[in-house]
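Work through these exercises with the sequence and the model side by side. Try each task before you read its solution.

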Amino acid sequence: MFPYATHSWLIINDKGKLTVNTSSKLDLSMVTDAVWTDYDNDGWPDLLVAREWNSVVLLKNMNGKELVPQLIPELENQRGIWYSIVAGDFNKDGYEDYIVGNLGENNRFNASDKYPMNLYAIDLDGDGTIDPLITGYWNDQNGNMKEYPLNYLDELVSQSSFFNKKFKDYASFSVATINDLLDENILKKLQFKLDINTTSSYILWNEKGKFRWEKLPESLQVSPIKKMIVHDFNGDGYPDVLVAGNDYTYDVSTGYYDANKGIVLLNKGKNKKEGESSFEVLSPAQSGILLQGMVESLLYFKGDTSLVVTGFNRAKVSVYGHAEKAK
Ligand SMILES: [Ca+2]
Ligand SMILES: [Ca+2]
Ligand SMILES: [Ca+2]
Ligand SMILES: [Ca+2]
């Protein structure tokens with residue numbers, strides 16, 4: 001139950017027989033997506049894992065014997081609601097790079113190192129189930145940044161009776177910081193706490209096995225990035241990216257995320273400036289592909305006419321044909 005996560009498993013395909021064993025059990029917290037990628041070009045595919053309320057984590061393939069999570073500060077320092085990850089050698093230096101989808105910047109949270117968003121896993125009313133409490137930082141009446149619950153009182157009351165016992169009216173709740181909510185006694189019940197310091201989506205450059213983050217352009221920060229396809233759409237030899245997302249499941253206080261209509265990142269080749277990408281952002285009008293809704297799946301089927309197939313939440317599947325350019 002959120003924010004607890006069950007184990008992840010590596011399923012071994014042993015000559016057509018699928019097996020799991022104790023060594024294939026992995027504790028990776030809330031995993032959303034993963035990509036096989038030989039990040040260090042040693043011939044063994046490694047696993048790069050995207051996680052919610054956590055960092056991206058790299059599991060290095062030790063000569064085919066085991067997958068070992070690596071402690072990499074560049075990865076651990078960026079904690080987000082990472083929904084999706086794809087790989088492609090975008091600058092064609094022989095090392096695969098990555099695009100990592102996050103919540104985006106179209107929200108009121110402004111998560112940062114100094115002012116993170118926190119998630120408290122705590123059973124406030126003592127009924128045996130966790131009442132996850134999410135907080136962020138906003139200015140108080142005196143202009144000082146204070147930590148407040150993110151949800152409206154109505155939403156919290158519907159989640160746990162703790163809140164209507166604690167707050168008799170909206171006025172007292174509206175000025176209540178996390179310290180008013182969780183006093184010392186209640187904090188004893190805290191099971192664990194997670195935090196994120198970025199909601200932006202990024203390109204993760206792989207510089208010969210060292211990682212460097214570069215924010216995706218503004219027009220890609222409008223909505224959560226849930227699904228992506230890496231494919232050389234215009235046949236120039238450089239991998240491009242189709243980016244889809246949105247989320248209609250957030251609470252009232254956060255609202256609908258629906259601003260991504262399907263975005264193509266056209267790779268313009270080698271970096272113009274060292275260390276900077278040169279992706280051209282194509283709108284649906286420019287690319288001819290429009291993905292309106294909450295995207296749950298996105299697939300590319302290769303064929304005489306290749307197909308981009310998109311699955312939406314509570315809506316029909318959309319299919320776009322894509323004629324490959326002759327090379
Ligand atoms: Ca490797
Ligand atoms: Ca590269
Ligand atoms: Ca509870
Ligand atoms: Ca291309």
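**Exercise 1.** Find how many bridges join strand E20 to E21, and state how the two strands run.

*Solution.* Step 1: locate strand E20 at residues 240-245. Helices (H or I, at least four residues) and strands (E, at least two) are DSSP runs, numbered from the N terminus. Step 2: count the bridges. Three join E20 to E21, and the two strands run antiparallel. Two strands pair if DSSP finds at least two bridges between them. Step 3: pick out a facing pair. Val241 stands opposite Leu265 in E21.

This is a predicted model, where local features need pLDDT of at least 70, side-chain atom pairs count only at pLDDT 80 or more, and totals for chains, interfaces and linings use all residues. Residues are numbered from 1 along each chain as its sequence is written, while chains are lettered from A and ligands numbered from 1 in the order in which they are written.

**Exercise 2.** Which strand do four bridges join to E21? Then place E21 in its sheet.

*Solution.* Step 1: the partner is strand E22, residues 279-282, and it runs antiparallel to E21. Leu265 faces Val281 in E22. E19-E20-E21-E22 form an open sheet of four strands with antiparallel pairing. Step 3: look at the edges. E19 and E22 each have a single partner strand, so one side of each lacks a neighbour in the sheet. Neighbouring strands here are turned by 20 degrees against each other on average, direction ignored. Such angles run from 0 to 180 degrees between N-to-C directions, with axes fitted as lines to C-alpha atoms, for helices over the stretch in contact.

**Exercise 3.** Explain why strand E21 is largely enclosed by the rest of the structure.

*Solution.* A residue is buried if 20 or more other C-beta atoms lie within 10 Å of its own, exposed if 12 or fewer, and partly exposed in between; C-beta atoms are placed from the backbone. Step 2: apply them to residues 263-267. Four of these five residues are buried, so the strand is largely enclosed.

**Exercise 4.** Is His231 buried or exposed? Find what it touches.

*Solution.* Step 1: His231 sits in strand E19, residues 225-231. Step 2: His231 has 20 C-beta neighbours inside 10 Å, so it counts as buried. Step 3: list the contacts (C-beta atoms, placed from the backbone, within 7 Å). Leaving out residues up to four places away in sequence, His231 touches Pro239, Asp240 and Tyr300. Step 4: take a distance.

**Exercise 5.** Which residues have the most contacts inside the largest nonpolar core?

*Solution.* Step 1: define the core. It is a set of buried Ala, Val, Leu, Ile, Met, Phe, Trp, Tyr and Cys residues joined through C-beta atoms within 7 Å. Step 2: the largest has 58 residues, and Leu48, Ile85, Val100 and Val243 have the most contacts inside it. Step 3: follow Leu48. Beyond its neighbours within four places in sequence, its contacts include Val56, Ile85 and Tyr98.

How values were computed:
Contact = placed C-beta atoms within 7 Å.
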